[in-house]
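We will start with the whole chain and then visit two residues.

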Amino acid sequence: MYFKVDEQEVFDEQDLDDLVPYVGHPGIMLYHHSICYFEPNQDFAMEMKDPGTYHPTDLQWRLEGCLVQVGPYPYLVIRRLPNWGWKLENQHVVLKRRDTRYHEEVKH
């Protein structure tokens with residue numbers, strides 16, 4: 001999961017080492033926060049990049065059409081990417097995943 005950071009809110013030059021530009025979104029930087037898992041039992045789990053970082057646990061996810069909601073957070077819009085991966089995004093975060101299983105099946 002990447003948190004969206006307004007470029008103007010970055011005050012420390014060292015923080016820039018952890019940020020990458022969000023291509024196609026001028027002024028927005030991305031901070032890699034964690035790896036997320038949407039479990040089949042509706043659990044939402046996270047593997048934090050920085051073990052000292054806090055994020056609520058015991059979150060559940062639910063699907064509504066082309067939207068997914070994690071806990072009380074704003075809905076994520078689901079989009080298919082040209083590389084057959086997935087992009088889930090709301091005003092605060094971006095999650096991306098390439099579906100490698102699909103590519104393996106196509107190769108055979």
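Here is the tour, beginning with the overall picture.

This is a predicted model, in which local features need pLDDT of at least 70, side-chain atom pairs count only at pLDDT 80 or more, and totals for chains, interfaces and linings use all residues. Residues are numbered from 1 along each chain as its sequence is written, and side-chain values use heavy atoms, with hydrogens and water left out.

**Whole protein.** Colour by secondary structure to find one helix and ten strands; these are DSSP runs (helices: H or I, at least four residues; strands: E, at least two), numbered from the N terminus. Along the sequence the order is β-β-β-β-β-β-β-β-β-β-α. Of the 108 residues, 24% are buried (under 20% relative accessible area; exposed is over 50%, partly exposed in between, with a 1.4 Å probe and protein chains only).

**Select I28.** This residue lies in strand β3, residues 28-32. I28 counts as partly exposed because its relative accessibility is 26%. Now show its contacts (heavy atoms within 4.5 Å): not counting residues up to four places away in sequence, I28 touches K4, V5, D6, V20, P21 and Y22.

**Select R62.** Move on to strand β6, residues 59-64, which holds R62. With 38% relative accessibility, R62 is partly exposed. Which side chains make polar contacts with the side chain of R62? One is Q69, at 2.7 Å, and another is Y75, at 2.8 Å. A polar contact is a pair of N or O atoms within 3.5 Å; within protein, one must be able to donate a hydrogen and the other to accept it, and residues adjacent in sequence count only if both atoms are side-chain atoms.
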